[in-house]
Every structure is written in structure tokens, then in C-alpha cells.
Amino acid sequence: MIKISPSILSADFANMAKDLEVVKAAGAEYVHIDIMDGHFVPNLSMGFPMVSACRKASDLVMDVHLMIDTPIRYVQRFCDAGAHILTIHVEADTEENTKEALRIIRAAGVKPAICVKPKTPAEAVLPYIDMVDLILVMTVEPGFGGQSFMADMMPKLKQIRTYIDEMNPTCELEVDGGVNGETGKICIENGANVLVAGSAFFKAEDKKGFVKNLIQ
Ligand code: DX5
Ligand code: ZN
């Protein structure tokens, strides 16, 4: 089952409730919320208030992507703010702290997830694979919407799909960055089942058609 997770980084921030309705009406199941700290990535975006506001305004699955250093400091607060899935980067802290952060997320009743940047190898997910409900593979350098899809991430995506099938078959496999109607299909062929789409989704004239084309 393929799921679409439109990224609100490309939404209209002055009309977020309306755009969440647009996401829902298009048939997407998840909504992707990008949190940036200006350290882990060279950009700032939004924080706890946006997550809680979106959770109040919508019954979509809140798919929260933390692009922040030492996420263990803040995971409890993002769980309290209403995340359903909370993703932290493997590059953002030590293995010990990353595992502890995943335990905190699980204990809060939220789905723990990890993410790998383009230069991080597939094997980097292995220490955490039995602790997570989703693995996110970046198909652009994190930090900005509207970048070009990195097709050279596909072997890594395929490798992580093999790990998931062997070690944690119910774990979801998500891609993020430059996903559109064409690149999304390539990701599905290589094992992804959740597709984040920011600019391509919000620019699409026919958003229902955009989702339908990818999930069928
Ligand atoms: C990038 C973010 C993405 C971004 C994707 O760092 O993690 O979620 O919103 O935007 P597009 O789909 O435009 O590449
Ligand atoms: Zn993201």
C-alpha cells in the first residue's frame, strides 16, 4: 500500500488549516512536517506550535521530520505536541543517544523513525532497524524544498528495503526530496511505500490526480 505524505514546507503558512484540508481532500493519508534548527541543516522552519496546531486542525497522520542536532533534547515535546510518527536523523547524535531518543518516542506512544542523509550508507540503519516503525531515505540534501531528485540514492533505497524485509517487515520505507509523479514511481520500484512530496504536490493543478497516479 503506497501512502503520500505532502510536505507543508511548500504550503501557504497563512492558510495552513485550509491547506491541510486540501491534503486530506486529495486522498493523502499522511502530512509531513519539517522541523529545522539552523545547525543540523542551514535553514529554519517551524517548531512545536505548528505541530500542535496541525494536529488540532486535521485528522491526517502527523509525520514529523526532525532535522535538528541532538534530537533527544526535544523528542518528548514533539510527541506531546501531537506527532504520530517522529523521525530523527542517525547523523544527529551518538548511537547511544539516538537509541535512547527512539525509546522515549516509543514510550510516548508515538512511532519512532530514523532518517539517513544522502552521504550516509545503508548500513547506518542497522543498529536501529528493530526499534523503528519507519525508515526515511533522503533523496536530496535536507534543508530546502524544491531541489532535484537524486536518482543515485536508489541502490541504497533498494538495500534498505532488503534489510527491512529480512529484519522488520512491517517497517515502512519513506523517501523525501524531489519526489514527483515520475520520480515517485522510481522510488516505489525500488521499495519505498511512503512518498513525501512538497513542491510537486502543492504545485499540482489536480492534487487528487497527483495522489491517485502514485498510489494506484
Ligand atoms: C527537505 C525536506 C523535505 C521537503 C521536500 O529538507 O525534508 O520534506 O519539504 O520538498 P520537495 O518535495 O519540494 O523536494
Ligand atoms: Zn522532510
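Reader: In strand 8, which residue is the bridge partner of Glu-174?

Author: That's Val-194. Before we go on, this is a predicted model: local features need pLDDT of at least 70, side-chain atom pairs count only at pLDDT 80 or more, and totals for chains, interfaces and linings use all residues. Residues are numbered from 1 along each chain as its sequence is written, chains are lettered from A and ligands numbered from 1 in the order in which they are written, and side-chain values use heavy atoms, with hydrogens and water left out.

Reader: What makes strand 7 and strand 8 a pair?

Author: Strands pair if DSSP finds at least two bridges between them. Strand 7 and strand 8 (residues 194-197) are joined by 2 bridges and run parallel, so they meet that cut-off. The strands themselves are DSSP runs of E with at least two residues, and helices are runs of H or I with at least four, all numbered from the N terminus.

Reader: Why is Glu-174 called buried?

Author: Its relative accessible area is 0%, and buried means under 20% (exposed is over 50%, partly exposed in between, using a 1.4 Å probe and protein chains only). So Glu-174 qualifies. This residue lies in strand 7, and it touches, among others, Ser-5, His-32, Asp-63 and Ile-135, leaving out residues up to four places away in sequence; contact means heavy atoms within 4.5 Å.

Reader: How many residues of strand 7 are buried, and which way do they point?

Author: 5 of its 5 residues are buried, hence mostly covered. Glu-172, Glu-174 and Asp-176 point one way, while Leu-173 and Val-175 point the other way. In a regular strand the side chains alternate between the two faces of the sheet.

Reader: What makes the strand 7, helix 6 and strand 8 unit right-handed?

Author: The test is the view with the strands pointing away from you: a crossover is right-handed if the path from the first strand over the helix to the second runs clockwise. The β-α-β unit of strand 7, helix 6 (residues 181-189) and strand 8 gets that label. So does strand 6, helix 5 and strand 7, and strand 2, helix 2 (residues 48-57) and strand 3. From strand 3 the chain then crosses through helix 3 (residues 75-81) to strand 4, also as a right-handed β-α-β crossover.

Reader: Why do you say strand 3 is largely enclosed?

Author: Because 6 of its 7 residues (61-67) are buried. Strand 2 (residues 30-36) pairs with strand 3 in the parallel sense over 7 bridges, with Ile-35 partnering Leu-66. Towards strand 4 (residues 85-89) there are 3 bridges, also parallel, and His-65 partners Thr-87.

Reader: What makes the site of the zinc ion (ligand 2) octahedral?

Author: Donors are N, O and S atoms within 2.8 Å of the metal (3.2 Å for Na, K and Ca), and water isn't among the atoms, so sites may look incomplete. The protein donors are His-32 (NE2), Asp-34 (OD), His-65 (ND1) and Asp-176 (OD), at 2.1 to 2.3 Å. Six donors count as octahedral if opposite donors are over 155 degrees apart and all others between 65 and 115; four are square planar by those limits, or tetrahedral if all angles lie between 85 and 135, and anything else is irregular. The site has 6 donor atoms with angles of 71 to 169° and is classed octahedral.

Reader: What makes Thr-70 stand out?

Author: Thr-70 has a positive phi of about 45° and is not a glycine. Most residues other than glycine have a negative phi. Thr-70 sits in the loop between strand 3 and helix 3, and at 28% relative accessible area it counts as partly exposed.
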